[in-house]
Amino acid sequence: MSTNILMPALSPTMEEGILSKWFVKEGDDVEPGDLLAEIETDKATMEFESIYEGSVTKLLVTEGTAGVKVNTPIAVIETDDVIADESPEVANESKTEEKTPEIKEAPKSVKSVSSPVVSGKRIFASPLARRLAKENGIPLENLSGSGHKGRIIKRDIEEFRRNQKEQPSPASLPQAPGIAPEAFTFEQVSKMYQDREFEVIELEGMRKTIATRLTQSKQTIPHYYLRREVEIDALLDLRKKVNTFLAEKGDKVSINDFVISAVAKALEIVPQANTVWAAGNVLQLKSCDVAVAVSIDDGLITPVIKDANKKSLAGISREMKDLAGRARQRKLLPTEYIGGTITVSNLGMFGIENFDAIINPPQASILAVGSGRKKPVVGPSDEIQIKNLMSLTLSVDHRIIDGALGAQLLGTIVDLLENPVSVLVNQ
């Protein structure tokens, strides 16, 4: 039986990708788990595995093809009517199922993804379904199996993902009404500059996605901005001492590591601001996950430091270096750059004193960090003192966080940075 291999959605936000490399050629035999292709998404470069056993009869898309839409056929495999879900390993599992009572859908209050037991009963799923669920962050207990005796199989995972894709989300909004058309067409703009020499550079991949998402963000999110300056003399002194201590271990922390830690602890102190927008609803998260803007070739990406409030400065520093390094190699997994309730964007290292950042939906806020500069400050006795000041601008979604709550969040961040020893508490 001939089976079409479709362009996969390797992340919840992926709409198209670049088929950068084939690992197989026509006539090759493949088994489940064999690498088929290397796919470049708007965020990362990932390898795509076969879930079928058979022979590759046709490659429909050539290497290097850009703009391949998700679910577009990219290859044809001749199979024997037996897909990976019916492998011998799964067949053995089916025999075990026959001796076990049928499992009803698990209660939604259970949130564990990896546990095979819910309320004392086992969740039956094929190995392939378990792997796909883990890769896509899908809780098995929330699925109803369509396989033998309610066993969860591959098509159940695919159906769940299709349903998710159909739901209104920030990723799908670029096609939704309400996004204003371009002010000028390409023909109009090129005519304006017809007497000047120019080169046309088409936006593709990440840069195209950034343009669409940021336009969507500014048009659909009611931004407002809160600004504070924070005295960082105590922070600079403490950082020097911390780095002297860490030097023996080969570690070193940056100002940005202090900011990430302070932001995470501020979310813990002000949990009402630890929220995201979800199509007319508000999700208030329990974990304090902070995204950090990282500049890479052709764009930027925001890897997420999860549970940053529970991690040491050195731990945040090591994780941030690892994530940033792999981000620049486009090797991040979707689970490493999706999520977070707030983003930290630091342009201070480029000499930018202050700026306003655009919120990264569905998050509710983004903190723009400027450079530290020596400035005169009026002291408690009206004397003039020279202090190191750093600007912070918090962009906030007014649908979720009103002015008073936003001010409380930014004030808490400032207090933590001006009293940096508090950042080290519980580390």
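What follows is a working chat about a predicted model.

Biologist: In what order do the 6 strands of the open sheet come?
Modeller: In this predicted model, the order is S11-S20-S19-S18-S14-S17, and the pairing is mixed.

Biologist: And which are the edge strands?
Modeller: They are strand S11, covering 223-231, and strand S17, covering 304-305, each of which pairs on one side only.

Biologist: How many bridges join S18 to S19, and do they run parallel or antiparallel?
Modeller: Strand S18 (residues 342-346) is joined to strand S19 (residues 365-378) by 5 bridges, and the two run parallel; as for individual partners, Asn346 is bridged to Val369 in S19.

Biologist: Switching to helix H6, what span should its residues have?
Modeller: Helix H6 (residues 233-246) has 14 residues, which at 1.5 Å a residue should span 20 Å, and this agrees with its end C-alpha atoms being 20 Å apart.

Biologist: Which residues of H6 are buried?
Modeller: Leu235, Leu238, Val242, Asn243 and Leu246 are buried, and because these buried residues fall within an arc of 135 degrees when seen down the axis of H6, they line one face of the helix.

Biologist: What is exposed on the other side of H6?
Modeller: Lys240, Lys241 and Thr244 are the exposed residues there.

Biologist: Which residues form the nonpolar patch on the surface?
Modeller: The patch is formed by Phe184, Phe186, Val189, Met192, Tyr193, Phe198 and Val200, which together have about 710 Å² of accessible area.

Biologist: Where is Phe184 found, and why does it count as partly exposed?
Modeller: Phe184 lies in the loop between helix H3 (154-166) and helix H4 (186-192), and it counts as partly exposed because its relative accessibility is 47%, while that class lies between the buried limit of under 20% and the exposed limit of over 50%.

Notes: Residues numbered from 1 in each chain as written. Predicted model: local features only at pLDDT ≥ 70, side-chain atom pairs only at ≥ 80, totals over all residues. Heavy atoms only, no water. Pairing = 2+ DSSP bridges. Helix = DSSP H or I, 4+ residues; strand = E, 2+ residues; numbered from the N terminus. Patch = residues over 30% accessible without salt bridge, like charges linked within 9 Å, V, L, I, M, F, W, Y side chains within 5 Å. Areas by Shrake-Rupley, 256 points an atom, 1.4 Å probe, with all protein chains shown as cover. Salt bridge = Lys/Arg side-chain N within 4 Å of Asp/Glu carboxyl O. Buried < 20%, exposed > 50% of the residue type's maximum accessible area, 1.4 Å probe, protein only. Expected span 1.5 Å × (residues − 1). Arc of directions from axis to C-beta.
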